[in-house]
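User: Could you walk me through how to read a few features of a protein model? I would like to start with its pockets.

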Amino acid sequence: QVWDLRHPSDPLCQGRSAFSEQHRLICSSLEALPSLAPSSWRPDTIIATQVFEHVVEEKEAMLALKQVLAEGGHLVWSAPFLERYHRAPVDMRRYTNDSAIHLIETIGGLCVRR
């Protein structure tokens, strides 16, 4: 099953946090995801591409993804390096290979495969 995770500021979410199994839609910040999602919701794969440059608390967000990810699951992650500033709703940072690996490995329990 494919789920759509959107920030509450997205027009589709209308400023609310919600978890809809019927629509497979989650309106939540990454940091709040573990407390919003049912404990039985443990995806095998999470794809987070071009997201973390917009996250204010990057370590908390990465930890939240690890908490909901199924044991032995996969996180497919990418972030821009050479990208112009683009607020949506904020634009916080760019990543080098070293800074991305550092973020992922400091959480613990996640390994980087290139």
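This is a predicted model: local features need pLDDT of at least 70, side-chain atom pairs count only at pLDDT 80 or more; totals for chains, interfaces and linings use all residues.

User: Which helices and strands each supply at least two residues of the lining of the second largest pocket?

Analyst: Residues are numbered from 1 along each chain as its sequence is written, and side-chain values use heavy atoms, with hydrogens and water left out. In general, rolling a probe the size of a water molecule over the atoms shows where empty space is left. A pocket here is an open set of points on a 1 Å grid where a 1.4 Å probe fits, with protein on both sides within 12 Å along at least five of seven lines; lining residues have an atom within 4 Å of a point. For the second largest pocket, the elements are α2 (58-68), β5 (74-78) and α3 (97-107), with helices (H or I, at least four residues) and strands (E, at least two) taken as DSSP runs. Its lining has 27 residues, and Leu75, Ile104, Cys111, Val112 and Arg113 lie nearest its centre.

User: What volume does the largest pocket have, and which residues are closest to its centre?

Analyst: Its volume is about 970 Å³, counted as the space filled by probe spheres set on the points. Of its 34 lining residues, Leu5, Arg6, Leu30, Ile47 and Val51 are the closest to the centre. Strand β4 gives the most to this lining, with five residues.

User: Which cysteines form the disulfide, and why is it called left-handed?

Analyst: A disulfide is a covalent bond between the sulfur atoms of two cysteines; the criterion is a pair of sulfur atoms within 2.5 Å. Here Cys13 and Cys27 form one, with sulfur atoms 2.1 Å apart. The torsion about their S-S bond is about -80°, so the disulfide is left-handed. Cys13 sits in the loop between β1 and β2 (18-20), and Cys27, 14 residues apart from it, in strand β3. Cys13 counts as buried (under 20% relative accessible area) because its relative accessibility is 2%. Cys27, at 4%, is buried too.

User: In what order do the strands of the open sheet lie?

Analyst: Strands of a sheet pair through backbone hydrogen bonds, either parallel or antiparallel. Pairing requires at least two DSSP bridges between two strands. The order is β1-β3-β2, with mixed pairing, and β1 and β2 are the edge strands. β1 and β3 run parallel, joined by three bridges; Asp4, for instance, has Leu25 in β3 as its bridge partner.

Methods. Buried means under 20% relative accessible area, exposed over 50%, partly exposed in between (1.4 Å probe, protein chains only).
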